[in-house]
Amino acid sequence: MQINTIPSSLDPSKHQVGIVHIGLGAFHRAHQAVYGEQVLALHGGDWMIASANIRSNYQLVEQLNKANNQYQVIEYADSQHFTIRSIKAIKQTLFSGTKEGGLDLINTLVAPHIKIVTLTVTEKGYYLAPSTGALLVDNPDIQHDIASPDTPKTALGFIVVALKLRREKGMPPFTVLSCDNMPHNGKRTKNAVVALAHAQNPALAQWIESHVAFPSSMVDRIVPAVTPEDLADIERDTGISEPTVVKCEQFSQWVVEDHFPAGRPKWEDVGVEMVDDVAQYEMMKLRMLNGSHSLLAYLGSLAGYKTVAQAMQDEAIGRLLEGFMLKEVAPTLSGFPESMLTDYYQRLIARFKNDSLQHQLIQIAMDGSQKLPQRWLGTLVEQRGVFHKTPAIELGIAGWMAFIYLAEKAQRSINDPLESDLFNIMKQPNATASELVTACLSRDDIFPVEIRSDSDCVSRMVHYFSALINKTRVQELIHSSY
Ligand code: CS2
């Protein structure tokens, strides 16, 4: 075993906080905080991070507090080669699910030294209709934040109230940087924040619209949730016994639209790609990497696998991913030369095969309703326009529906904000496969109209769905297409 150790050289008492992060999960700690650590070590400055959870995972905040917010990240090249990195870039951790905690976060956001607010709240944390990006104004949490703007529940609500206070005090706003897997994530975040502000106070909305920067960013690093088994393995291999340890792959990428009127760390000196426009990178990553992940999640679990690396051992699944990435997705990514896409595909396959990660398919399967549009449906619609075939995506959609159908029958949660609506569809008595597929496709908050109006495409999905819920082997269905 080859272990490389990188200790932290930071003295947190020497640097002030400049960034507030919302969404203190494993991903943030293995991604933005690692870049933060490196840039502080190189250039110093007041760019420490205050990181908050707004509702879930109070325990992690407590554990980090106890450890002075220091923790370790284990980056696996493979099971025999890894790097242990100590991180001190997070100066403060907050839990905002209580009244005092909420006030603490607002005060932190309003402090004059805060220049940037970063977000990893997952797709559903933006309260947008996945297909259109429109704010879900009727959602009870959003309704709460409209009625009680000073004691918000959502990340959007915290941003709006902090911007309101900064405006009232005559302070410049911070820049808001989304680090979630959504297309045009800056624009979407801006739409969400402005729409919420508009429902509270149109003048504030207008001020935000013209004064606050919302650059987009593409983030990439595979960071599986740490399970109790992982903790035991990590302790055995490294001696680290802290529950705050994070594990991830060695690869990491961050492409950021360079628009930070309030200033920013010199991220470009630690490998962050600062560019004028991230749209192409974002689309390539969402459609190729995340699109493949979702195929693996639904079809891999239906084939009986538990982790990404296990599913990657299956030759049929490998063929499906090749067809999906090279035949279905690549032609829609016109901004990149073919050789670059082939190379990207090969590197993704190698990353997915990394068996030291134990990346659970069930973790990727969650929140499917929020993920499908940007991962598959955009590709599907664009490919229809040029009459290419998209069997992998059609099988994937049928797999997602079968996953919901079987979970409903087994009374197992699918962890999706639309779970009860989707379960209601699936439990209609005596419905045929065709009726169930049609009912799912008619959810226009998820599916664009082009899909449900293409009868050939719908009948192929009905065929796949019916076969999957009747336990036809996934491999057999792949065989008929690739
Ligand atoms: C995954 C992502 O859980 C998921 O939906 O597809 O978290 C994926 O691991 C990251 O986007 C990789 O950068």
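Mentor: Axes are lines fitted to C-alpha atoms, for helices over the stretch in contact, with angles from 0 to 180 degrees between N-to-C directions. Here the axes of helix α6 (residues 155-168) and helix α7 (residues 185-200) approach within 9 Å and cross at roughly 65°. Angles of 65 to 115 degrees count as roughly perpendicular, so α6 is roughly perpendicular to α7. This is a predicted model: local features need pLDDT of at least 70, side-chain atom pairs count only at pLDDT 80 or more, and totals for chains, interfaces and linings use all residues. Residues are numbered from 1 along each chain as its sequence is written.

Trainee: Which residues make the contact?

Mentor: Two residues are in contact if their C-beta atoms, placed from the backbone, lie within 7 Å. From α6 come L156, G157, I159 and V160, and from α7 A192, V193, L196, A197 and Q200.

Trainee: How many helices and strands does the chain have?

Mentor: Helices (H or I, at least four residues) and strands (E, at least two) are DSSP runs, numbered from the N terminus. The chain has 21 helices and 12 strands.

Trainee: What share of the residues is buried?

Mentor: A residue is buried if 20 or more other C-beta atoms, placed from the backbone, lie within 10 Å of its own. Buried residues account for 47% of the 482 in the chain.

Conventions
Angles under 35 degrees count as roughly parallel, over 145 as roughly antiparallel, 65 to 115 as roughly perpendicular and the rest as oblique. A residue is buried if 20 or more other C-beta atoms lie within 10 Å of its own, exposed if 12 or fewer, and partly exposed in between; C-beta atoms are placed from the backbone.
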